[in-house]
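Please open the model in your viewer and keep the selection tool at hand. The tour moves from one selection to the next.

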Amino acid sequence: MILVVGGSYQGKTEFARSNFVNAKFFNQTHLFIRKRLEEGRSQSEILEELLEATKDGNWVLIADEIGNGVVPIDSFERKYRDIAGRILIEIASRSTEVYRVVLGIGQRIK
Amino acid sequence: MITLIYGGSSSGKSAFAEQYTYDLPEKNKYYLATMASLDQESRERISRHRAQRCDRNFITLEYATGVDRALPKVEEDSCILLECMSNLVANEMFSEGEIKPADTCVHEIIKQVQNLSNGVAHLIIVSNNIFEDGAIYDEATKEYMRALGEINEKVAAISDAVYEVVVGIPIKVKETEHENS
């Protein structure tokens with residue numbers, strides 16, 4: 001499993017598609033997490049579903065870094081930020097490679 | 001010696017900071033907590049952090065403001081993990097009824113950091129990246145962001161090492177020959 005993270009509109013998808021040609025892509029992982037949270041799923045359930053969905057083949061997960069802002073006033077927004085962050089830490093620890101994309105440039109951080 | 005550990009919310013910076021401090025040679029390790037346990041969410045966060053470091057023999061000290069008041073309680077050859085700067089700035093700025101100006105907060109907090117750093121072998125500071133959501137905020141929030149941003153820069157300038165943590169992975173963004181020497 002490979003993880004590609006970065007701010008929004010940084011060219012993460014382009015970077016992933018041009019560098020991992022034969023991979024399968026799970027894009028917008030943060031939005032998947034958000035949707036499942038809205039449906040009332042827990043952190044561990046969402047992580048399990050992500051791992052199950054990507055267990056066969058070479059998967060590249062792509063996600064926005066959403067934690068680099070002011071603490072939101074809305075409690076769901078805070079929960080989303082925290083749980084997305086923690087799930088991505090879990091994904092990163094299970095990934096063989098992790099890239100952070102800034103300005104379309106991917107830096108390998110693992 | 002100062003090490004700054006920086007990252008977004010739930011980026012894994014606390015876990016890294018605790019491991020980093022745990023691995024330091026200094027025998028006495030203090031955890032200087034700045035979060036006041038006012039609401040349920042803060043209490044949950046505090047208990048998660050406590051569980052993270054439960055088997056690591058940290059001695060916890062709690063100061064919501066004026067963190068250099070901890071100095072009489074610690075030995076010169078110890079290390080202190082200050083967690084975290086964003087709470088300390090909020091406590092200093094908003095806890096006395098009216099908003100304390102950013103410049104005053106910056107001046108006072110940098111002084112506290114220098115005092116702490118001079119009193120122990122190694123000071124590790126955790127701070128937050130709150131600057132990249134692109135949203136427009138009210139004046140009080142902007143004042144807070146100005147203060148935290150300036151403090152982060154000033155602390156980074158006097159730090160021997162600076163790490164940014166991304167999805168649990170530390171990226172070294174500043175290093176000097178002093179670190180771990």
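The stops below visit a helix and then an interface.

This is a predicted model, in which local features need pLDDT of at least 70 and side-chain atom pairs count only at pLDDT 80 or more, while totals for chains, interfaces and linings use all residues. Residues are numbered from 1 along each chain as its sequence is written, chains are lettered from A in the order in which they are written, and side-chain values use heavy atoms, without hydrogens and water.

First, select residues 139–158 of chain B, which form helix 5; helices here are DSSP runs of H or I with at least four residues, strands are runs of E with at least two, and both are numbered from the N terminus.

Next, colour the buried residues of helix 5 of chain B, among them B:Y144, B:L148 and B:I151; buried means under 20% relative accessible area with a 1.4 Å probe, protein chains only. What covers the buried residues of this helix includes strand 1 (2–7) and helix 4 (102–119) of chain B.

Now show both chains: 23 residues of chain B are in contact with 20 residues of chain A, contact meaning heavy atoms within 4.5 Å. B:S10, B:V167 and B:I169 supply 33% of the area that chain B buries against chain A, more than any other three residues; buried area is the accessible area (1.4 Å probe) that two parts lose on being put together, summed over both.

Finally, select A:R100 and B:E164, which form a salt bridge with the closest N and O atoms 3.0 Å apart; the term requires a side-chain nitrogen of Lys or Arg within 4 Å of a carboxyl oxygen of Asp or Glu.

Methods:
Expected span 1.5 Å × (residues − 1). Buried < 20%, exposed > 50% of the residue type's maximum accessible area, 1.4 Å probe, protein only.
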